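Colleague: I would like to go through this model residue by residue, then look at its pockets. Shall we begin?

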Amino acid sequence: NLSCTTCIRNVLAENLGDMSLPLFRRLLPGFGNADLINLSGFGEPLLHPEILEMVRLAKEHSGPDTRVGFNTNATLLTEAVARKLISAGLDMLIVSIDGVQAETLKEIRIGAQLPQLLTSVEELTKTRAELGCDTFRIGLEFVAMTDNIRELPRLVEVAGQMGVDFVVVSNLIPYTEPMARRILYEYNTDLAVQTM
């Protein structure tokens, strides 16, 4: 439901769609030994019409130490949705945020609005407290690139102020030549060239 400039969906030639609930049910026998069941794919999990049932089934068929979670852009995350997710057994929700300045976020995650995203995270932390669910973890994920790296220190401050449990920082994976100019690392280091 966003048009993120860094998304692999911009270059995929495959047909996109949701996993069906019958197919998901076929995977359940393998959940018993999993450490983590991440219900994320190449899109927004909260758009899936069966996401609550999938969370419930994942928890029901996994081991006692298995964590069930997913990443979201938080555009559909309301207090009511947060309450339903936590009640279904979700252990962890990671909100993608690639900037703490409204303009930066809007340029990277086209369609996202920073005030709405921050409100969603605040509602999530408030709902967790109201439900007394101390084991439920909230994270923020930041894809580091030339466009936003200067905002990373402020993101950590915002996360702390909002009661977020952790921040995940990952590097931009370039799928196109223009994206490659936005990365913060050199993938053709002297050592890499020498090794090849």
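Colleague: Where is Ala74 placed?
Modeller: This is a predicted model, where local features need pLDDT of at least 70, side-chain atom pairs pLDDT 80 or more, and totals for chains, interfaces and linings use all residues. Numbering runs from 1 along each chain as its sequence is written, and side-chain values use heavy atoms, without hydrogens and water. Helices (H or I, at least four residues) and strands (E, at least two) are DSSP runs numbered from the N terminus. On that basis, Ala74 sits in the loop between S3 and H3.

Colleague: Is Ala74 buried or exposed?
Modeller: Buried means under 20% relative accessible area, exposed over 50%, partly exposed in between, with a 1.4 Å probe and protein chains only. Ala74 has 0%, so it is buried.

Colleague: Which residues does Ser120 contact, beyond its neighbours within four places in sequence?
Modeller: Ser120 belongs to helix H5. Its relative accessible area is 4%, so Ser120 is buried. Contact means heavy atoms within 4.5 Å. With those sequence neighbours left aside, the partners of Ser120 are Ala74 and Leu77.

Colleague: Is Asp134 buried or exposed?
Modeller: Asp134 lies in the loop between helix H5 (114-131) and S6. Its relative accessibility is 63%, so Asp134 is exposed.

Colleague: How far is Asp134 from Asp91 in space?
Modeller: In sequence, Asp134 and Asp91 are 43 residues apart. In space, C-alpha to C-alpha, the separation is 9.9 Å.

Colleague: Which elements do the buried residues of H2 pack against?
Modeller: Start with the residues themselves. In H2, the buried set is Ile51, Met54, Val55, Leu57 and Ala58. They pack against H1, S2, S3 and helix H3 (79-88).

Colleague: How many helices and strands does the protein have, and what share of its residues is buried?
Modeller: The count of elements is eight helices and seven strands. Of the 196 residues, the buried share is 41%.

Colleague: Among contacts between residues at least 6 apart in sequence, what share joins residues at least 24 apart?
Modeller: For scale, the C-alpha atoms fill a box of roughly 50 × 40 × 30 Å along the principal axes. The share of such contacts that join residues at least 24 apart is 73%.

Colleague: Which residues are closest to the centre of the second largest pocket?
Modeller: The volume of this pocket is about 560 Å³. Helix H1 (21-27), strand S2 (36-38) and helix H2 (51-60) each give its lining at least two residues. Of the 24 lining residues, the closest to the centre are Gly17, Asp18, Met19, Gly41 and Phe42.

Notes:
1 Å grid on protein atoms, 1.4 Å probe; cavity = no way out; pocket = protein on both sides within 12 Å on 5 of 7 lines; lining within 4 Å. Points joined across faces, edges and corners; volume = space filled by probe spheres on them.
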